[in-house]
Amino acid sequence: MAYYHLLLCILLCSSYYSIVLAVNLNNFAVVPARSFEPEAACSTSSASSDPNRASVPLVHRHGPCAPSAASGGKPSLAERLRRDRARANYIVTKATGGRTAATALSDAAGGGTSIPTFLGDSVDSLEYVVTLGIGTPAVQQTVLIDTGSDLSWVQCKPCGAGECYAQKDPLLDPSSSSSKLAAGAYGHGCTGVSGGAAALCEYGIEYGNRATTTGVYSTETLTLKPGVVVADFGFGCGDHQHGPYEKFDGLLGLGGAPESLVSQTSSQFGGPFSYCLPPTSGGAGSLTLGAPPNSSSSTAASGFSFTPMRRLPSVPTFYIVTLTGISVGGAPLAIPPSAFSSGMVIDSGTVITGLPATAYAALRSAFRSAMSEYRLLPPSNGGVLDTCYDFTGHANVTVPTISLTFSGGATIDLAAPAGVLVDGCLAFAGAGTDNAIGIIGNVNQRTFEVLYDSGKGTVGFRAGAC
């Protein structure tokens, strides 16, 4: 009888542990170690072909999908993170009405069209670029896309020596367009006319790392893709830029203020917009103006999970969501909801996600425990990232799933490893205090179609979109 019980226990216990193992593996991603290496070839663009939306390809700034005109030397990871930290500090300072970012992030380092989007790199902007046309005939310009700023701009002739940074594309020449670039009305005191002629309205922007662009606020014909045109698009024609810019041609502002592309085209495409950031430098995503079909609050119909969007009346640029929980490997972390009370700016231009201190400490502890098989490296890259691994000698790497839960119950499982790790490091950092506004960076957003609908007051996430 004892033997029978022993045999029964062996059979049942074996089945039990097999079941437990299967469940646990569902919360981990086993990926080849070579997946952490840069891709050498470009995959097919995932831009939407929906005739009712304006969609253009989007790609990584320094990847093989980037237009040859946008290629150039790639800065070190430490330099990219330094710039990213400056950007995050600037956003937090602006969103909190001037409260110093050093305190908030002291330890962080209706119809439409779709445009291909590619992952990129910039001093104070997002890491992804699109190629658009300005003027008639359309002159191609490769620009960074940025939900954290509003005014779009490109470099224009004439630029004296030292007044414009070196870009690969020729400078936009306003005199060569038959649609004739015209002075726009932007900012206080600009009437648009002066003595019967168009007034020259100057614009000026200073970014978080002290890079600046100044020039004439103008209007021109913007071609998103063949057959999809925006008339009288207001943008900055920059004739004096200063700072550590790279070789892109300018910036496309996607924030919520009236100057942004989204606001300027709301009557044409309805106001909603979305993007899908590719998981690797060799992949292509899309930037799309207009709502997807069936993008209602019914996730069954649309494939999206929705969470309420918050806005700051004093700073209409930013889109804010409320994080309510984090899970690692399927296990919810013990984080008090009050830690997330200030909200999270969801930003396409910030790389690393900045979490409240308590939340980050819990995430780091759980992630390190799940990754204990791999050698933890000392903090590097300026100290911004403190959980980095050496995968040398491993053919495969097992990465725990990280899930983010937002108000309203929307939960997303971050793509692994592309949405969790950057250069072998956990793509999160901690804020100096709890209750500080945080930032959801673009690494965590990879492979999701992120839909911004200010009219409905929602942000939606659709997994596996690119």
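In the predicted model, Arg462 is partly exposed, with a relative accessible area of 29%. The side chain of Arg462 forms a salt bridge with that of Glu449, at an N to O distance of 2.7 Å. Arg462 belongs to strand β35 (residues 458-462) and Glu449 to strand β34 (residues 449-453), so the contact ties together parts 13 residues apart in sequence. Glu449 is buried, at 6% relative accessible area.

This pair is one of 3 salt bridges found in a search of the whole structure. Another joins Arg364 to Asp386, at 2.6 Å from N to O. Because Arg364 lies in helix α7 and Asp386 in the loop between β25 (375-377) and β26 (388-390), this pair links parts that are 22 residues apart in sequence. Arg364 is partly exposed, with a relative accessible area of 26%, whereas Asp386 is buried at 16%. A salt bridge is also present between Asp390 and Arg375, whose closest N and O atoms are 2.9 Å apart. Asp390 is in strand β26 and Arg375 in strand β25, so parts 15 residues apart in sequence are tied together. Asp390 is partly exposed, at 21% relative accessibility.

Strands β21 (residues 323-328) and β28 (residues 402-406) run antiparallel and are joined by 5 bridges; Leu323 has Phe406 in β28 as its bridge partner.

How values were computed
Residues numbered from 1 in each chain as written. Predicted model: local features only at pLDDT ≥ 70, side-chain atom pairs only at ≥ 80, totals over all residues. Heavy atoms only, no water. Pairing = 2+ DSSP bridges. Helix = DSSP H or I, 4+ residues; strand = E, 2+ residues; numbered from the N terminus. Salt bridge = Lys/Arg side-chain N within 4 Å of Asp/Glu carboxyl O. Buried < 20%, exposed > 50% of the residue type's maximum accessible area, 1.4 Å probe, protein only.
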